[in-house]
Amino acid sequence: MKYVLIILTVLSIGSCKVSDNSKEKLKRTDKIVVAHRGASGYLPEHTIAAKAMAYAMQPDYIEQDLVLSKDDVPVVIHDIYLDDVTNVESVFPERKREDGRYYVIDFTFEELQKLNVTERFNTKDGKQFYPNRFPKGISSFKLHSLQQEIELIQGLNKSTGHTIGIYPEIKNPAFHHKNGKDIAKITLDVLSKYGYNTKDDKCIFQCFDAKELERVRKELKSQLFLVQLIEFPEETKQFSHFATYADGVGPWYKQIVDKKENGEWVFTSLVADAHKLGLKVHTYTLRADQLGEFSSFQENIKVLLEEANVDGCFTDFPDKVISVLEE
Ligand code: G3P
Ligand code: CA
């Protein structure tokens, strides 16, 4: 009931009605909208509440970043660390490593349940990262597993009749290997158990580590839709190789938008290069409260999805992106 009230309230205040005279209207079905860490613009990232709220906004996919616990449970959390989104420092003060950080893999899933999750904050000064988002430290949110999140989404798919997909990302596979853990294999096994095996199963599997994603296709023989995330511009030179195992690429939007010249946006060749090789482009991350060079969120959305012609985007504000696409 609590989630339903949150969802209804925020949907009514969070929807963005855009007035626009553009004759070229985007068709909602042409583009993939991914709820980045859930509806993370409104509720603490990667909490079940943020996922339920995202679901109510009807994106195409909801994202799960994954890190393994000590007992090999895939936990939905963005980093291998716990200290910038939980109260781990006050619950387990003695479990800090020498570098001053608290690591997810040092805790069993049962221990992780003792932590409260909060809005992301800076560990040095305690200030929340996005000051106008959900207030840090209030209400009650917990960490959860990939299994629990899949059950939420599949349960909602059944009860609502919609078919919203999942978009899992394995975080830092090299770090996991170094610690004797095969996060790719463990994650693929969970996905398979819940019916995600092929490109038709509404599951897109993503990773920044190219060697590991190639392994997912060639050694672990996954038939899922694979997206190679890109962090550095020089990685765009490897698109032909990415196309041997991946179905799409996930670049930072700044690798696509070059500059504004005489009032017009100028783009790099990234999207065209990817499309020539048959790769889809899902860019990250569109945020209404971090506009960068754009004068409005509407402009941000249109420049990427319409002018640059990407195939989809990750966003902390799925309701606002969908609103523009449905205009
Ligand atoms: O996974 C793509 C998108 O989520 C951007 O990366 O760092 O937020 O996981 P990150
Ligand atoms: Ca991610």
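Let's start with a crossing: α11 passes α12 in a right-handed way. Keep in mind as you look around that this is a predicted model. Two packed helices are described by the angle between their axes and the distance between the axes.

Which residues of α11 and α12 meet? On the α11 side they are F297, Q298, I301, K302 and L305. Facing them from α12 are K320, V321, V324 and L325. Sorted by class, the residues of this contact of α11 with α12 come out as six nonpolar, one polar and two charged.

Now move to α5, a helix made of residues 146–160. One of its partners is α7, residues 183–193. Here the axes are 11 Å apart and the packing angle is about 30°. An angle under 35 degrees counts as roughly parallel, so α5 is roughly parallel to α7. The crossing of α5 and α7 is right-handed. If you want to find the contact itself, look for L146, Q147 and I150 in α5, which meet T187, V190 and L191 in α7. By class, the contact of α5 with α7 has four nonpolar and two polar residues, and no charged ones.

Helix α5 also packs with α2, which runs over residues 48–56. The axes of α2 and α5 come within 11 Å and cross at roughly 30°, which makes α2 roughly parallel to α5. Again you'll see a right-handed crossing as α2 passes α5. From α2, the residues in contact are I48, K51, A52 and Y55. They meet E149, L152, I153, L156, N157 and T160 in α5. The contact of α2 with α5 divides into six nonpolar, two polar and two charged residues.

Next, have a look at ligand 1. How many residues are around ligand 1, and which come nearest? There are 13, and the nearest are H36, R37, E63, K171 and Q206. Some of these come with a distance you can check. In the side chain of H36, an N or O atom is 2.8 Å from an oxygen atom of ligand 1. For E63, an N or O atom of the side chain is 2.7 Å from an oxygen atom of the ligand.

Finally, two spots in the backbone deserve a stop. As background, most residues other than glycine have a negative phi, and most peptide bonds are trans. Between Y284 and T285, though, the peptide bond is cis, with omega at about -20°. T285 sits in strand β10, residues 280–286. The other spot is K202, a residue other than glycine whose phi is positive, near 50°. You'll find K202 in the loop between α7 and β5, the latter being residues 204–207. That brings us back to α7, the helix that packs against α5.

Note on methods: Residues numbered from 1 in each chain as written. Chains lettered and ligands numbered in written order. Predicted model: local features only at pLDDT ≥ 70, side-chain atom pairs only at ≥ 80, totals over all residues. Heavy atoms only, no water. Axes fitted to C-alpha atoms, helices over the stretch in contact; angles between N-to-C directions. Helix = DSSP H or I, 4+ residues; strand = E, 2+ residues; numbered from the N terminus. Parallel < 35°, antiparallel > 145°, perpendicular 65-115°, else oblique. Left-handed = near helix turned anticlockwise from the far one by under 90°. Contact = heavy atoms within 4.5 Å. Nonpolar A, V, L, I, M, F, W, Y, C, P; charged D, E, K, R; others polar. Near = heavy atom within 4 Å. Polar contact = N/O pair within 3.5 Å; in protein donor to acceptor, adjacent residues only side chain to side chain.
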